[in-house]
Amino acid sequence: MGKNIRPDLETSFYKLGYEFGKIIAPKNLDEVKKIFNDGNLGTLIEVDWNILKLENSAIGKSIASNKPVCNYIAGLLSGALESIYGKKFIVKEIKCMAQGCDACYFEVKDTGRLGDAEDDNSVPS
């Protein structure tokens, strides 16, 4: 079922997204949703306090894979949430349109650490 992204590229995409999420420096999740809509990345929906759903993911719908491929978006969400709340979050894609799912789903975990702490920002496993 399609191709998988090389692990080194997964990490690079996540880090790139993370840095972009911090650069855009949203003030709240509604701003993040607007950025996703305006940038044609998809429609971001809060499913639960720790689950975000991305409908019509520009990345997820563009490739077939047997594992999630939206590492850039996961990193972007991580950086954006850090900008909003001032602490580190790990965002992991748990379901992806690339796998044939109806949408992309991201699990959000609060690390309990303050933002801007040294971190390798590698793709969550």
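1. At the start of helix 2, a side-chain oxygen of Asn28 comes to within 3.1 Å of the backbone nitrogen of Asp30. That is a polar contact (a pair of N or O atoms within 3.5 Å; within protein, one must be able to donate a hydrogen and the other to accept it, and residues adjacent in sequence count only if both atoms are side-chain atoms). Helices (H or I, at least four residues) and strands (E, at least two) are DSSP runs, numbered from the N terminus.

2. A word on the basis of these notes: this is a predicted model, in which local features need pLDDT of at least 70 and side-chain atom pairs count only at pLDDT 80 or more, while totals for chains, interfaces and linings use all residues. Residues are numbered from 1 along each chain as its sequence is written, and side-chain values use heavy atoms, with hydrogens and water left out.

3. Now for the overall layout. You will find three helices and four strands in the chain, and from the N terminus on they run α-α-β-β-α-β-β. Of the 125 residues, 40% are buried (under 20% relative accessible area; exposed is over 50%, partly exposed in between, with a 1.4 Å probe and protein chains only). Contacts (heavy atoms within 4.5 Å) between residues at least 6 apart in sequence join residues at least 24 apart in 63% of cases.

4. Back to helix 2, where Leu29, Val32, Lys33 and Phe36 are buried. Viewed down the helix axis, these buried residues fall within an arc of 100 degrees (taken from the directions from the axis to the C-beta atoms), so they line one face of the helix. What do they pack against? The partners of the buried residues of helix 2 are strand 1, strand 2 and helix 3. On the face turned away from the buried side you will see the exposed residues Asp30 and Asp38.

5. Just after helix 2, look at the backbone of Asn40, where phi is positive at about 60 degrees. Asn40 is not a glycine, and most residues other than glycine have a negative phi. The loop that holds Asn40 runs between helix 2 (29-38) and strand 1 (43-48). With 62% relative accessibility, Asn40 counts as exposed.

6. Asn56 has a positive phi too, near 60 degrees. Its place is the loop between strand 2 (51-55) and helix 3 (71-85). Is Asn56 exposed or partly exposed? At 45% relative accessibility, Asn56 counts as partly exposed.

7. Ser57 sits in the loop between strand 2 and helix 3 as well. Here the relative accessibility is 0%, so Ser57 counts as buried. The Ser57 side chain reaches the backbone nitrogen of Gly60 at 3.0 Å. Setting aside residues up to four places away in sequence, Ser57 touches Leu41, Cys70, Ile73, Met97 and Cys104.

8. If you were wondering about the cysteines, with a disulfide taken as a pair of cysteine sulfur atoms within 2.5 Å, the count comes to zero. For Cys96, the nearest cysteine sulfur is that of Cys104, 3.8 Å away. Cys96 is buried, at a relative accessible area of 0%. Cys101, at 25% relative accessibility, counts as partly exposed.

9. Phe106 belongs to strand 4 (residues 104-114) and, with 0% relative accessibility, counts as buried. Which residues does Phe106 contact, leaving aside its neighbours within four places in sequence? The list includes Asn50, Ile51, Leu52 and Leu54, then Cys70, Ile73, Ala74 and Leu77, and also Val91, Lys92, Glu93 and Ile94. Lys53 lies 53 residues from Phe106 along the chain, yet their C-alpha atoms are separated by 6.3 Å.

10. Last, a look at helix 1 (residues 7-24), which contains Ile23. Is the Ile23 side buried or exposed? Ile23 is exposed, with a relative accessible area of 66%. From Ile23 to Ala80 the C-alpha to C-alpha distance is 8.3 Å, although the two are 57 residues apart in sequence.
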